[in-house]
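This report covers overall content, nonpolar cores, helix packing and backbone geometry, in that order. The structure comes before the text.

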Amino acid sequence: MNTRRGRDKSKGRGKVPGSGHGPGSGPVTGAGLQEARERWVHTGGVELCVAELGDPAQPTVILVHGYPDSKEVWSEVAGGLASRFHVVLYDVRGCGRSTAPKPLRGGFTLEKLTDDFLAVADAVSPGRPVHVVGHDWGSVQAWEFATVRRTEGRIASFTSMSGPSLDHFGHWIKKRLARPTPRRTAQLLNQGAKSWYVYMLHTPVLPELAWKGPLGKRWPAILRRMEKVPGGGYPTASLPTDAAHGAWLYRDNVRARLRRPRADAYAHCPVQLITPTGDMFLSQRLYDDLEQWAPQLVRRTLPAKHWVPRTRPDQLVSWITEFVTAKEEGDPAREIAASGPYADRFGGQLVLVTGAASGIGRATAFAFAEAGARIIAVDRDAEGAARTADMARLIGAPQAWGEAVDVSDEAAMEKLADKVDTEYGTVDVLVNNAGIGLSGSFMETSTEDWKKVLDVNLWGVIHGCRVFGKRMADRGQGGHIVNTASAAAFSPSRVLPAYSTSKAAVLMLSECLRAELAGQGIGVSAICPGFVNTGITSTARFAGVSADEEKRRQTEAARLYGRRNYPPEKVADATLRAVVRNQAVVPVTPEARGAHLMSRFTPRALRAIARIEPPR
């Protein structure tokens, strides 16, 4: 293999004769990578344009792009990783500023792509294994890198997303054809339908004409409409030529490998699999048998579509950093993701919980932390929020922050949302949990009492849904909102008019918002606990009584709730299940479930119970 390193520079050399790409044909690194250092690597008759970010003394992470992309697809991810790692991106042969092989036919085989990878790895990290991250066809070829013998010892870890090994895919097809069942046949038909574009790319001439004509012009708009991919200099102007050349990736490899898949395609390094659940091109079932090919496998799922390097860069940075760091410090085959039951679902996601200083809010923050989520604990009690964040990190959250905010303050919530968006990213799961209790008859409840309850219990939820829900919707990659209501939302009571009204409003708001946001992939759940042993009883207000009597009732309520002893951790577990299952209304405790059933089937009985005056 012929390998040559180039020196860092800000301007390219003269254009390679007859290449159509190559040095001198455009901006050195493209939009989003202006601070990158450039070098050129010669291998197999092509010139590869390589960009580098970060400290070369740190572990090297090589990002390999897919089809029809160039290395600029990674610009946001590369920027996020550069503070911790030596980040390397290169334009695959025939794409971006790298030159194309001549002739094109036979120039894009996996064997030649492996030559290119080794040339880049030797140039940027001589003598030290590199960490590889691949998306789409970058992942397809990186599976080859991770499973062939000649790369053993050069790859420290591999993160795969939206691109299976063609060998594994071939065996997956053969297994289902050899032993057909209705389920396996359905899986084959489903993936066959998703692979429609593969058949089109095998046709002669037509793909090239389409990409250099109307498809190439409309592709950015298609990505924005179908995938909610933001702009920012992607895709680059080389897209039509990149896509035309890249068609040979399919023609040179797909049929040959699917017909005769390698029997020894075992990964010789730890593998992290990130599976977007909304990928329109690949079925999640493709990875059912992956453990047999990748014994050191860590699975992640991400509620997003195909182009996650552009739509979810913050999430990828978190997971890649965690995986690479685990390998550098030890063994990523151990459970680097938290041990919670939903670690593959919430690991690395950004979860914001209000009312997180105690009770249900704190338990919910801890439950998401155990699942490996990044936590923002919000409460007007600054010390309590900070303690929750500290504990969340110890439990399993890769990152956690405490924020002191009064949820009833609209301006403060707007400011918080701006800070979160700028410093942490877009929230994936919002839990509007903050609330206060108030007991007392309607006639004894003052206007000021009503205002306090509605400001926190209802307006706090409205503010959270509005400022964070809007950012979720604008991102276009889905998410989930959880609003803590109560069994009181559907259980009338003569002593809880203000509290029940606020929670009934939260329940209806959740139902309305669920209908509005369903088309944008954002779920909304209302959690309705009954009697839960939390600190809310010691701070609940009792209208129309003296201070001493209020204190006595608070103590008695805390004693009764303590005797009931239904832990907030069970409510937290129900919250995580509600998000995973996208449940609408979730009564949690037995009395809540019973009251919910009665409200639907025997409302007259529930109204009769409401007339009973509880003992003082």
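## Overall content

Of the contacts in the protein chain between residues at least 6 apart in sequence, 77% join residues at least 24 apart. The model is a predicted one. The protein chain contains 22 helices and 17 strands. It has 616 residues, and buried residues account for 56% of them.

In soluble globular proteins, nonpolar side chains tend to be buried together. Here the largest nonpolar core comprises 87 residues, and Ile62, Tyr90 and Phe117 have the most contacts inside it. Helix 2 is the element that gives the most to this core, contributing 9 residues. Another core lies apart from it and has 36 residues, including Val405, Tyr424, Ile522 and Ala595.

With neighbours within four places in sequence left aside, Phe117 touches Ile62, Tyr90, Val130, Val132, Phe145 and Ile155. Two of these partners, Ile62 and Tyr90, are also named with Phe117 as having the most contacts inside the largest core.

## Helix 16 and helix 17

Helix 16 (residues 447-475) packs against helix 17 (residues 497-517) at an angle of about 15°, and their axes are 9 Å apart. Because angles under 35 degrees count as roughly parallel, helix 16 is roughly parallel to helix 17. The crossing of helix 16 past helix 17 is right-handed.

On the helix 16 side, the contact is made by Trp450, Val453, Leu454, Asn457, Leu458, Val461, Ile462 and Cys465. Helix 17 meets them with Pro497, Ala498, Tyr499, Thr501, Ser502, Lys503, Ala505, Val506, Leu509 and Leu513. The residues of this contact divide into 14 nonpolar, 3 polar and 1 charged.

## Helix 13 and helix 14

Helix 13 (residues 359-370) and helix 14 (residues 382-395) have axes that come within 8 Å and cross at roughly 25°. Helix 13 is therefore roughly parallel to helix 14. Their crossing is right-handed.

The residues that meet are Arg362, Ala365, Phe366, Ala369 and Glu370 in helix 13, and Gly384, Arg387, Thr388, Met391, Ala392 and Ile395 in helix 14. By class, the residues of this contact are 6 nonpolar, 2 polar and 3 charged.

## Backbone geometry

Most residues other than glycine have a negative phi, and most peptide bonds are trans. Several sites in the model depart from this pattern.

Tyr67 and Pro68 are joined by a cis peptide bond with omega about 0°. Pro68 sits in the loop between strand 3 (60-64) and helix 1 (75-81). Lys102 and Pro103 are also joined by a cis peptide bond, with omega about -5°. Pro103 belongs to the loop between strand 4 (86-90) and helix 2 (110-124).

Asp136 is not a glycine, yet its phi is positive, at about 60°. Asp136 lies in the loop between strand 5 (130-135) and helix 3 (137-147). Its relative accessibility is 9%, so Asp136 counts as buried, the cut-off being under 20%. Ser162, another residue other than glycine, has a positive phi near 55°. Ser162 is placed in the loop between strand 6 (155-161) and helix 4 (166-178). Ser162 also counts as buried, because its relative accessibility is 4%.

Technical notes: Residues numbered from 1 in each chain as written. Predicted model: local features only at pLDDT ≥ 70, side-chain atom pairs only at ≥ 80, totals over all residues. Heavy atoms only, no water. Helix = DSSP H or I, 4+ residues; strand = E, 2+ residues; numbered from the N terminus. Buried < 20%, exposed > 50% of the residue type's maximum accessible area, 1.4 Å probe, protein only. Axes fitted to C-alpha atoms, helices over the stretch in contact; angles between N-to-C directions. Parallel < 35°, antiparallel > 145°, perpendicular 65-115°, else oblique. Left-handed = near helix turned anticlockwise from the far one by under 90°. Contact = heavy atoms within 4.5 Å. Nonpolar A, V, L, I, M, F, W, Y, C, P; charged D, E, K, R; others polar. Core = buried A, V, L, I, M, F, W, Y, C linked by side-chain atoms within 4.5 Å.
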